[in-house]
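Let's take a walk through this fold, one piece at a time. Have the sequence and the 3D view open as you read.

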Amino acid sequence: MIMDAVRTEALPRAFYDRPVLDVARDLLGRVVVHTTDDGDVAARVTEVEAYAGPDDPGSHAARGRTPRTAVMFGPPGHAYVYFSYGMHWCANLVCGPEGTASAVLLRAGEVVSGLDLARSRRPAARRDVDLARGPARLAAALGLDGAQDGADLCAPTSALRVLDDATASSSRGPGAVVTGPRVGVSGPGGDGELFPWRSWLAGEPTVSAYRVAAPRRRRAGSGASTTTDEESTQ
DNA sequence: GTTCCGATTCCCT
DNA sequence: GGGAATCGGAACC
C-alpha cells in the first residue's frame, strides 16, 4: 500500500462517538499509525473485537470504573492500552459517548509501512503476516505500551491515530466483513445469543487464528483439576 | 497484605 | 496441540 501524505489526516472524534459495533465494523480496512523517535509504523486493521460497556461481562469495564479502566469511561477517540499476562500490551480504541465505557480491541493487522522497524520490534515473527497477527503482536509491532494509555487519537499532533482514508471502505466489498461470537461470554440478551463481538476481513492471512483461552494450570497443590476441555477453531 | 487470574504469545513436541 | 512465562489489577481476608 502506498501511503499518500495528503491522506494522513486522523479520523475525527465523531467517528468514535457512535455505537461500538458500528465503529468496530468501520475500523476494518483502515490504517492505524504510531509515530515514535524510531519512525512510523502503519498497520491496516484486519480484525477487531467489540467491548460493549459495563453490561458486557467480558469487558474490563464490567467491574465498574477503576483507575485502570478510567480511560474507557472517558470521552471517545482515546486509546485504552492495558498490560496483560505480565508481558503483553493490548490496544483498544474508546468509542461511544463519554461514560459508555465501550471500546474496540485491535486484534490483528497488516503492517503496510515501517516494515523494518516492525520487524525489529517483533524478532520472533518468521513471516511478515505474523508481525501484527494477534492483539499483543499488533501492539508490539506498532510500538505501543502503557505510555499510550489515554492518548488522544484525534489531536492534530497525536502520535497515535487512525487515518481518514477514503479508500479504506472501498477496499472491502459487501460481505467481506465476517462476524463471530466471543467464546466464554454470553450475549447481553442471554445465553447462546450470537452477538457480533468479533469482526474481521474475510480471507486476510493476518487474521489471528481463534483459540479458546485454555485454563492455565493452577498453582501447585490444587489436586482437583477439572479441566474443561473445549476446542474451537474458525 | 495476600491470592488469583487474565481480551496472550512463543517454543517445543 | 500443550505448557510455560510473567506482572499488575482487583478481589478477598
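Two strands count as paired if DSSP finds at least two bridges between them; helices (H or I, at least four residues) and strands (E, at least two) are DSSP runs, numbered from the N terminus. Before going on, note that this is a predicted model, where local features need pLDDT of at least 70 and side-chain atom pairs count only at pLDDT 80 or more, while totals for chains, interfaces and linings use all residues. Residues are numbered from 1 along each chain as its sequence is written, chains are lettered from A and ligands numbered from 1 in the order in which they are written, and side-chain values use heavy atoms, with hydrogens and water left out.

Start with β3 and β4. They run antiparallel, joined by 6 bridges, and they make a hairpin with 3 residues between them. In that turn, Y85 has a positive phi of about 55 degrees. Strand β3 (residues 79-84) is largely enclosed by the rest of the structure, because 5 of its 6 residues are buried. Buried here means under 20% relative accessible area, with exposed over 50% and partly exposed in between (1.4 Å probe, protein chains only).

Rings of Phe, Tyr and Trp (its six-membered ring) pair if their centres lie within 6.5 Å; planes under 30 degrees apart are stacked, over 60 edge-to-face, and the rest tilted. That rule gives 3 aromatic pairs. One of them is F83 with W89, a tilted pair at 4.6 Å centre to centre and 45 degrees between the planes. F83 counts as partly exposed because its relative accessibility is 38%, and W89 does so at 28%.

Next, go to helix α2 (residues 20-27), where V20, V23, A24, D26 and L27 are buried. These buried residues pack against α1 (13-16), β2 (39-52), β4 (88-95), β5 (102-113), β6 (160-162) and β8 (198-201). Just after the helix, G29 takes a positive phi of about 90 degrees.

What does L27 touch, leaving aside neighbours within four places in sequence? L27 is in contact (heavy atoms within 4.5 Å) with F15, V45, V48, L93, V104 and V162.

That brings us to the nonpolar cores, sets of buried Ala, Val, Leu, Ile, Met, Phe, Trp, Tyr and Cys residues joined through side-chain atoms within 4.5 Å. In the largest, with 38 residues, Y16, L27, V48 and V104 touch the most other members. Strand β2 gives the most to this core, with 5 residues. A second, separate core has 12 residues, including M72, A101, A103 and L105.
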